[in-house]
Amino acid sequence: MTTLIESEEHKSLRAAVSAFAQTHPHTTNAEDNTRLWQAAAKLGYIGVNLPEAYGGGGAGITELSLVLEELGAAGNPLLMMIVSPAICGTVIARFGTEEQKREWLPPLADGTRLMAFGITEPDAGSNSHRITTTARRDAATGDWILTGRKVFVSGVDIADATLIVGRTEDARTGKLKPCLFIVPRDAPGFERRAIDMELNAVERQFELTLDDVRLPADALIGDEDAGLLQLFAGLNPERVMTAAFGIGMGRYALSRALEYARERTVWKTPIGAHQAIAHPLAQAHIDLELARLMMQKAAHLYDAGDDVGAGEAANMAKYAAGEACVKAVDQAVHTLGGNGLTREFGLARLITASRVARIAPVSREMILNYVSHQTLGLPKSY
């Protein structure tokens with residue numbers, strides 16, 4: 001029943017985050033965003049999923065997704081929550097060395113440091129097997145040398161390091177296998193270029209170039225042979241958190257539309273009384289609630305250690321949330337009519353932002369492929 005009915009503790013957390021988020025104006029620049037991040041971290045929200053022994057809250061992705069959803073529902077989603085504590089923090093907590101945990105987890109939890117995550121490449125979008133960023137050992141020093149490119153990496157300019165997915169050669173088979181490396185932002189040969197996005201977001205997107213970036217041996221996360229397991233340990237929380245991001249955004253858009261529909265009067269009747277307005281908004285609410293249920297299931301499965309079950313549910317949750325978010329935003333804008341496109345009501349910017357929930361970190365079509373193959377047992381077309 002825990003996935004259907006929230007505990008009193010979770011209800012209290014949700015109420016507290018909501019109250020906190022409502023007291024902060026919508027962040028429109030990097031400085032405001034940083035202040036919000038630090039204020040949330042001070043209250044323990046940013047590191048709620050990280051181990052208590054390293055300064056975190058000792059909870060899980062269930063609680064972290066709840067925090068992100070409520071921040072988004074108040075109009076202040078923190079995109080880097082998907083990346084820094086959920087992906088990078090989880091991977092380091094589960095697979096990092098003791099030294100890596102001591103160095104990174106406390107500052108990730110208290111908000112004094114951030115970490116970005118680089119996996120997507122220009123020629124390897126959804127196909128992680130085509131990743132060409134390679135890591136080779138310097139036989140003389142034991143250092144790692146990374147070479148490659150990454151694209152659509154969020155927040156590199158504000159992150160202290162980036163967790164880079166590279167590939168090393170298996171000494172037995174000669175095949176390349178994925179591994180994860182911590183690359184400091186000031187590492188020689190590590191260059192970034194901002195991508196010119198029309199997306200109106202505080203967090204910027206970057207293309208990265210790694211030109212023989214030399215890293216110490218301890219830059220490798222965990223075991224060189226466990227790279228694939230480590231990778232998916234980060235990707236499942238990423239999908240859950242992206243679902244939370246979309247649900248929060250959809251709830252925010254819906255709340256603005258409901259407020260308008262209750263007050264906007266035409267022919268002596270609030271427009272919300274008309275079924276042509278009311279029913280689509282009700283459907284949007286239902287879709288968001290259904291997506292939240294799957295998100296909660298995925299988070300609970302992940303926190304319970306069921307990586308396989310969590311993988312299926314996380315993909316479904318991300319798909320459902322992306323669809324629900326886009327529909328909610330579209331209907332909210334439509335409810336306001338021309339006002340929905342004005343800066344005053346703040347909905348027009350969500351038209352573009354809501355598409356991100358469908359596209360990133362994996363497209364809805366690739367999720368449908370996953371469900372077709374993994375769940376339904378249908379043959380692959382690729």
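**Buried cysteines and helix contacts**

Biologist: What makes Cys-88 buried?

Modeller: In this predicted model, its relative accessible area is 0%. Buried means under 20%, so Cys-88 counts as buried.

Biologist: Is Cys-179 buried or exposed?

Modeller: Buried. Cys-179 has 1% relative accessibility, which is also under the 20% cut-off.

Biologist: How many disulfides are there?

Modeller: The count is 0. A disulfide needs two cysteine sulfur atoms within 2.5 Å. For Cys-88, the nearest cysteine sulfur is that of Cys-179, 16 Å away. Likewise, the nearest one to Cys-179 is that of Cys-88. Neither cysteine is in a disulfide.

Biologist: How do you know that the span of helix α3 agrees with its number of residues?

Modeller: Helix α3 covers residues 61–73, which is 13 residues.

Biologist: Why is α3 called largely enclosed?

Modeller: Because 13 of its 13 residues are buried by the rest of the structure. Just after α3 comes Gly-75, with a positive phi of about 90 degrees.

Biologist: Where do α8 and α10 meet?

Modeller: Residues of α8, among them Gly-311, Met-316 and Tyr-319, meet residues of α10, including Arg-364, Leu-368 and Thr-375. By class, the contact has 6 nonpolar, 3 polar and 4 charged residues. The two axes come within 10 Å and cross at roughly 145 degrees.

Biologist: Is that crossing left-handed or right-handed?

Modeller: The crossing of α8 and α10 is left-handed.

Notes: Residues numbered from 1 in each chain as written. Predicted model: local features only at pLDDT ≥ 70, side-chain atom pairs only at ≥ 80, totals over all residues. Heavy atoms only, no water. Buried < 20%, exposed > 50% of the residue type's maximum accessible area, 1.4 Å probe, protein only. Helix = DSSP H or I, 4+ residues; strand = E, 2+ residues; numbered from the N terminus. Expected span 1.5 Å × (residues − 1). Axes fitted to C-alpha atoms, helices over the stretch in contact; angles between N-to-C directions. Left-handed = near helix turned anticlockwise from the far one by under 90°. Contact = heavy atoms within 4.5 Å. Nonpolar A, V, L, I, M, F, W, Y, C, P; charged D, E, K, R; others polar.
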